[in-house]
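Good morning, everyone. Please take a moment with the model on the screen before I start.

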Amino acid sequence: MALHALVERYEARNSAVHRADARLKLIAALATIFAVTLTREGDALALALLALPTAAIVAAAKLPLLLVLRRSLIAAPFLLVAVPLLFTRPGETIATLPLLGWGISGEGLVAVLTILGKSWLSVVIAVVLTATTPQPDLLRALRTLRVPKLLVATVEFAYRYLFVVGAEASRMLQARASRSGALEGRRAGGGLRWRARVAGHLVGTLFVRSLERSERVHAAMRARGYDGEPRFLAAPPLHFAGVVVAAALVLYGYAVQIAVRL
């Protein structure tokens, strides 16, 4: 249950955003992210204008703001690659790091803040998409947009069997705990080296079991006629109102980029 809560991205809510067609949401999200990437360095106005419809969609989808912000933090480690620009971008020095003596340039600070804003906004858009769209609908939308079937099948099976592997690991940990005695007032188990060796054995055993299960699953799928093409129910027809809203969001994003350049 804990693994499901950690991995599952969809947040069930009763909102128009959740009921919208997955194909339209995917196209609008990708187009808006591309519009965000076109933002010029230091153009805070464009980023603010592009963030407005995203904030409106978060509110319309009834998503908790804390949930969106927490999930968007996944981009934080990747933004560290932009930090060296603070010191390497030529420009006027506005501050100096103590001890190291490295100078921070104003141009470098603007560049890092721009990268931070663009990356964070793009991740928030992706978070909203996955939080309002069930995984099967999202995969079906990818195939509708002619994403290679091998890529879609890989994502589908990785998502589906992650829970199976997680349940297998949970059973192994439970079996280990049931076979491990502990005396009151004394620490159970050995030292760090012993614990590392036990953890290594568990990981190796889990890998072997996962490999064996994958072979059995693949053989069963082939026996039932699986040809590598993910099968989904027929996609529902597109509604005119949904198409208009998606088109308006896309046009708004590119209109902002054109307007700030005039």
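Start with Phe-34, which is partly exposed because its relative accessible area is 48%. Here, buried is under 20% relative accessible area, exposed is over 50%, and partly exposed is in between (1.4 Å probe, protein chains only). This is a predicted model, with local features needing pLDDT of at least 70, side-chain atom pairs counted only at pLDDT 80 or more, and totals for chains, interfaces and linings using all residues. Numbering runs from 1 along each chain as its sequence is written, and side-chain values use heavy atoms, without hydrogens or water.

How many aromatic pairs are there? Two, counting rings of Phe, Tyr and Trp (its six-membered ring) with centres within 6.5 Å. In one of them, Phe-34 pairs with Tyr-254. The centres are 6.5 Å apart, and the planes are at 40 degrees. That makes the pair tilted; under 30 degrees would be stacked, over 60 edge-to-face. Phe-34 lies in helix 3 (residues 22-37) and Tyr-254 in helix 11 (residues 240-259), so the pair ties together parts 220 residues apart in sequence. Helices are DSSP runs of H or I, at least four residues, numbered from the N terminus. Tyr-254 counts as partly exposed because its relative accessibility is 26%.

Now the inside. The largest nonpolar core holds 14 residues. A core is a set of buried Ala, Val, Leu, Ile, Met, Phe, Trp, Tyr and Cys residues joined through side-chain atoms within 4.5 Å. Touching the most other members are Leu-26, Val-36, Leu-50, Leu-121, Ile-125, Leu-129 and Val-256. Two or more residues come from each of helix 3, helix 4 (44-60), helix 7 and helix 8 (135-144). Which helix gives the most? Helix 3 does, with four residues.

Look at Val-36. Beyond its neighbours within four places in sequence, Val-36 is in contact (heavy atoms within 4.5 Å) with Leu-47, Leu-50, Lys-118, Leu-121, Ser-122, Ile-125 and Gln-257. Another core lies apart from the largest one. This other core has 12 residues, including Val-58, Ala-61, Leu-67 and Val-127. Leu-67 sits in helix 5 (residues 65-72). Leu-67 counts as buried because its relative accessibility is 9%. From Leu-67 to Leu-121 is 15 Å, C-alpha to C-alpha, and 54 residues in sequence.

On to charges. There are six salt bridges, each a side-chain nitrogen of Lys or Arg within 4 Å of a carboxyl oxygen of Asp or Glu. One of them joins Arg-23 to Asp-21, with closest N and O atoms 2.8 Å apart. Both Arg-23 and Asp-21 are buried.

Now find Glu-168. Arg-209 forms a salt bridge with Glu-168, closest N and O atoms 2.8 Å apart. This pair links distant parts of the chain: Arg-209 is in helix 10 (residues 192-223), Glu-168 in helix 9 (residues 149-178), 41 residues away. Is Glu-168 buried or exposed? Glu-168 counts as buried because its relative accessibility is 12%. Arg-209 is at 40%, so it counts as partly exposed.

Arg-213 also bridges to Glu-168, with closest N and O atoms 3.8 Å apart. Arg-213 is partly exposed, because its relative accessible area is 30%. Through shared partners, Glu-168, Arg-171, Arg-209 and Arg-213 join into one salt-bridge network.
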